[in-house]
Amino acid sequence: MTGEQAQLFALFAAVFAMLLWGRWRYDLVAFCALLVALVLGLVPTSEAFSGFGHPATVIVALVLIVSRGLLNSGAIDLITRRLIDAGRGTITHISIMSGVGALLSAFMNNVAAMALLIPMELQTAKKAARPIRRTLMPLSFATILGGMVTLIGTPPNIIIASFRERALGEPFGMFDFTPVGMAVATVGIGYVALIGWRLIPKGDNETDKPEQLLSLDGYLAELVVPETSKAVGLEVRALYPVADEEDVEILGVIRNGKRLGGFSSTIELRANDMLLVEAAAEDIDRFRGPLGLEYFGEKPSGEKAAGDLALIEVVVPRDSRLEGRSAISLRLRARRGVTLLGISRQGKRFAKRVRHETIRAGDILLLLGPADRLSDAANWLGALPLAERGLMVTQHSRAWLAVGIFVAAISVSALGWLYLATALAIVVALYVILDIVPVRNVYDHIEWPIIVLLGSMIPLGAALENFGGTGLIASQIVNLAAGMPVWFVLAVLMVVVMTLSDVLNNTATAIIGAPIALDVAMKLDANPDGFLMAVAVAASCAFLTPIGHKNNTLIMGPGGYKFSDYWRIGLPLEVLVVLVAVPVILFVFPL
């Protein structure tokens with residue numbers, strides 16, 4: 001092992017350890033690793049930021065914008081709006097929803113597809129009085145499986161295609177992934193619909209029922225501002241420090257029997273005004289004392305606030321601005337005019353000092369704010385709304401137009417008339433010109449942490465390959481399977497990549513696995529396409545943990561799942577994927 005190889009292996013080991021620890025976001029970890037590699041001379045200065053202009057990075061960004069355009073236009077409604085039927089049995093329901101989820105994921109970002117289907121699944125489960133945990137995990141796995149079917153379904157496929165172009169002179173085409181991906185997805189969906197959902201443990205005290213997500217303890221109360229109160233003459237926002245200290249939310253002002261708009265933060269309080277607040281009874285009592293407010297009365301907080309305020313549920317993904325922080329530290333109300341009212345974490349509800357609680361990936365948050373601000377606030381936080389379609393204005397009249405543009409672009413790319421990135425760029429340009437994706441929001445729909453991860457890891461992966469590190473790993477894999485047939489080596493490679501993908505980001509796994517697959521194929525004098533396809537499939541198969549794929553993280557809170565729930569259904573699925581993928585790869589790409 002050379003000195004450069006040792007340094008690169010140590011750097012990758014540190015990256016893996018940091019990602020497993022989870023203390024810092026994966027994009028920050030990857031970018032810092034790139035900087036270390038530059039300082040050590042492992043990555044040439046001329047190649048420092050080449051990953052940000054790499055075709056894989058550009059295509060991923062474009063796919064995310066196109067996915068938003070298909071959502072905004074109402075094109076997805078053409079498929080999903082008739083899916084809700086509480087009268088179906090569990091097997092039939094899972095089969096239909098999983099099939100639709102897989103279909104959507106084949107042609108749009110699978111995280112966007114999952115975010116779209118979660119509200120529908122919650123609504124269906126509530127109508128059918130069915131525990132949501134029975135059906136949400138199968139749906140998540142189906143959207144992951146569906147992403148394997150086409151080039152644009154999931155980032156690992158895009159990475160593998162781009163790597164093949166650099167290494168062998170020509171990329172995989174749009175539907176080169178379809179034979180293997182379709183076979184794996186079909187068998188996988190059959191498994192989760194017939195068997196998998198039965199392996200999911202029951203929830204504790206039925207806490208996984210969707211109707212409980214909006215259930216919060218506490219009270220909505222009206223506090224009178226008497227003439228002797230210290231609050232007279234102050235703007236409402238001047239009371240925020242005292243309110244935050246006592247965990248009380250000031251929801252607005254009632255004057256002359258009428259509710260003033262919004263939070264009324266800039267309204268100057270007068271005698272006989274009433275403050276509308278929400279908190280636990282003891283917190284309200286402590287809040288009113290120092291200010292000289294009178295306790296007018298209290299009523300259950302099950303009623304939503306009046307006026308132009310609205311509630312929204314959002315789920316926190318791993319790369320959210322909120323993850324690892326509290327609403328207080330983020331100054332959510334001051335910055336966005338939105339209040340965090342409650343947290344649901346694996347069936348546990350937080351109504352006591354919720355704004356001081358550190359938010360975790362998978363938490364469900366109940367946000368309160370002016371209706372016209374909630375959607376923007378959710379986007380700013382990087383959270384995904386669970387309320388069906390949220391406050392987005394869907395342009396139904398442009399649904400077929402959006403679909404037509406997208407299908408035309410995919411067709412010309414598949415026929416080889418245009419490079420995929422060029423075709424997708426044209427789609428994005430037309431969506432912006434036609435206002436299907438407003439120009440002011442076009443960059444909001446790109447998952448920048450993924451872009452930074454790709455841009456940082458691609459030069460590191462190239463360095464590992466250039467210094468012979470991937471060849472060294474490939475030699476170890478070949479030596480491990482010495483004397484065994486080529487198909488066995490292929491299966492071993494899939495298992496190794498799957499294991500990495502269960503604990504690391506699937507994008508990073510594909511970047512590392514692609515050159516290893518090529519080196520293994522060269523050492524065995526075998527067809528490299530089969531090994532590259534094996535890495536593409538295996539990198540997407542993160543079914544054992546909630547951290548391997550963002551879709552698994554998204555369902556953790558709504559489904560009330562524990563870490564150990566995933567492998568119960570996921571382990572048999574990963575075994576099944578290997579058993580199905582290996583013979584299909586051998587048939588489509590003879591070694």
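1. Helices (H or I, at least four residues) and strands (E, at least two) are DSSP runs, numbered from the N terminus. Thr-509 is found in helix α20, which spans residues 506–523.

2. This is a predicted model, in which local features need pLDDT of at least 70 and side-chain atom pairs count only at pLDDT 80 or more, while totals for chains, interfaces and linings use all residues. Residues are numbered from 1 along each chain as its sequence is written, and side-chain values use heavy atoms, with hydrogens and water left out.

3. The chain contains 23 helices and 10 strands. Of its 591 residues, 55% count as buried (under 20% relative accessible area, with a 1.4 Å probe and protein chains only).

4. Thr-509 is buried, its relative accessible area being 2%. Setting aside residues up to four places away in sequence, Thr-509 touches Val-497, Leu-500, Ser-501, Leu-504 and Ala-539 (contact means heavy atoms within 4.5 Å).

5. Ala-539 also belongs to the contact between α8 and α21: among the residues that meet there are Ile-160, Phe-163 and Leu-168 in α8 and Leu-532, Val-535 and Ala-539 in α21. The residues of this contact comprise 9 nonpolar, 2 polar and 2 charged (Ala, Val, Leu, Ile, Met, Phe, Trp, Tyr, Cys and Pro count as nonpolar, Asp, Glu, Lys and Arg as charged, and the others, Gly among them, as polar).

6. Helix α8 (residues 155–168) packs against helix α21 (residues 528–540) at an angle of about 155°, with the axes 9 Å apart (axes are lines fitted to C-alpha atoms, for helices over the stretch in contact, and angles run from 0 to 180 degrees between N-to-C directions). The two helices are therefore roughly antiparallel (angles over 145 degrees).

How values were computed: Parallel < 35°, antiparallel > 145°, perpendicular 65-115°, else oblique. Buried < 20%, exposed > 50% of the residue type's maximum accessible area, 1.4 Å probe, protein only.
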